[in-house]
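User: I would like to go through some labels used for this structure and see what each one rests on.

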Amino acid sequence: MTRRFVVTGATGKTGAHTVRLLREHGHEVTAFVHRHDERSEALAGLGADVVAGDLRDLAAVTAAARGAEGLYLCYPIDSARIEVTATVAQSAADAGVASVVNMSQISARRDAVSNAARQHWLAERLLDRYPFATIHLRPTFFADWLLWGWTDEGAGGVLGLPFGAGRHAPITSADQARVITAMLDDPAPHAGRTYRLFGPRELDHTEIAAIMSRVLDRPVRYEPLELDVVCAGLLGRGLPGHLVQHFTGVALDYRAGVFAGTGDAVQQITGHEPTSVEDFVATHRHNFHGTGQFAVLGQEN
Ligand SMILES: NC(=O)c1ccc[n+]([C@@H]2O[C@H](COP(=O)([O-])OP(=O)(O)OC[C@H]3O[C@@H](n4cnc5c(N)ncnc54)[C@H](OP(=O)(O)O)[C@@H]3O)[C@@H](O)[C@H]2O)c1
């Protein structure tokens with residue numbers, strides 16, 4: 001018997017991989033996307049039923065949730081998180097969805113400096129009050145940051161980020177999607193639990209740059225930036241204030257060790273070792289050029 005799952009944020013980093021894996025497992029998938037574009041066409045090409053809409057639209061989300069057994073909730077850093085979470089939770093409950101896997105983050109806590117991290121914590125507590133089984137994911141920084149902080153420098157590049165000498169074990173979106181898929185497939189062992197998710201090895205950014213240099217066979221260095229310089233640069237590039245406030249809060253958290261740590265949850269849940277920084281960099285070797293989306297070095301040129 002086929003089973004149906006709803007994936008929100010379906011064109012995003014973890015969402016798209018989750019749609020693909022659920023389809024590979026033979027499940028029906030409703031891919032809730034923000035807009036129709038080439039990314040949503042790719043999901044339709046995998047056999048997903050694509051629904052375009054806004055996650056704040058109660059009627060649209062409830063309609064999408066009907067007939068689904070489980071739902072993956074993923075929403076970007078945006079001030080509407082609480083409204084979106086309430087909308088998705090009510091829709092899932094009304095539609096009789098049995099389990100919700102919720103993308104949160106490792107910095108989510110009651111007293112977080114980042115407004116978005118605090119909203120993540122509140123969203124978790126909101127979901128906990130609903131009758132469906134809830135599983136919260138609290139990953140450390142995604143490996144994508146290595147691309148986002150990149151700026152070309154001569155024949156190589158510089159990783160310019162305000163993370164001081166802090167450490168973390170970068171985790172890939174694909175590895176997280178394997179976790180999400182396993183949980184949707186068999187939620188019972190995970191119901192009511194919160195998982196911190198890490199890649200295989202904790203590193204600081206000087207060590208990460210050394211790995212990048214080796215794998216890319218180009219000089220790469222880490223430049224620890226001042227936070228106010230980065231924030232001014234990001235605001236100057238037109239990034240929303242809510243996102244930049246979050247960036248400030250998590251950079252301080254990162255320096256204080258909130259994103260540090262390792263763990264074997266990915267291996268335990270999926271049966272696969274998570275992807276190393278070496279393999280992530282090798283896979284994305286052609287994407288390390290130009291200026292990353294959170295890079296501020298060289299933007300005045
Ligand atoms: N990046 C990290 O290192 C990190 C670490 C830990 C946790 N997280 C968590 O990961 C989550 C995902 O964030 P992300 O920025 O990486 O995003 P993402 O999952 O890559 O993309 C967000 C997705 O949501 C869609 N979306 C945006 N607004 C929507 C709306 N109103 N209605 C329907 N769909 C909408 C976007 O579609 P469009 O692109 O078409 O707008 C996109 O497909 C966040 O909760 C974040 O806290 C991230």
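User: Is Arg221 buried, partly exposed or exposed, and what makes it so?

Analyst: This is a predicted model. Arg221 has a relative accessible area of 36%. Buried requires under 20% and exposed over 50%, so Arg221 is partly exposed.

User: What makes the contact of Arg221 with Glu153 a salt bridge?

Analyst: The closest N and O atoms of Arg221 and Glu153 are 2.7 Å apart. The cut-off is 4 Å between a side-chain nitrogen of Lys or Arg and a carboxyl oxygen of Asp or Glu, so the pair qualifies as a salt bridge. Arg221 belongs to strand E12 (residues 220–224) and Glu153 to strand E7 (residues 150–153), so the bridge ties together parts that are 68 residues apart in sequence. Glu153, with a relative accessible area of 35%, is partly exposed.

User: Why is the pair Asp253 and Arg109 called a salt bridge, and which parts does the pair tie together?

Analyst: The N to O distance between the side chains is 2.7 Å, which is within the 4 Å limit, so the name applies. Asp253 is in helix H10 (residues 241–255), while Arg109 is in the loop between strand E5 (99–103) and helix H5 (115–128), so parts that are 144 residues apart in sequence are tied together.

User: How do you know whether Asp253 and Arg109 are buried or partly exposed?

Analyst: Asp253 has 6% relative accessibility; the limit for buried is under 20%, so Asp253 is buried. Arg109, at 25%, is partly exposed.

User: What makes Glu124 and Arg125 a salt bridge, and which network includes them?

Analyst: Their closest N and O atoms are 3.1 Å apart, and the limit is 4 Å, so the pair counts as a salt bridge. Salt bridges link Glu124, Arg125, Asp128 and Arg138 in a network. Glu124 is buried at 0% relative accessible area, whereas Arg125 is partly exposed at 24%. By the same cut-off, the count for the model comes to 20 salt bridges.

Methods: Residues numbered from 1 in each chain as written. Predicted model: local features only at pLDDT ≥ 70, side-chain atom pairs only at ≥ 80, totals over all residues. Heavy atoms only, no water. Helix = DSSP H or I, 4+ residues; strand = E, 2+ residues; numbered from the N terminus. Buried < 20%, exposed > 50% of the residue type's maximum accessible area, 1.4 Å probe, protein only.
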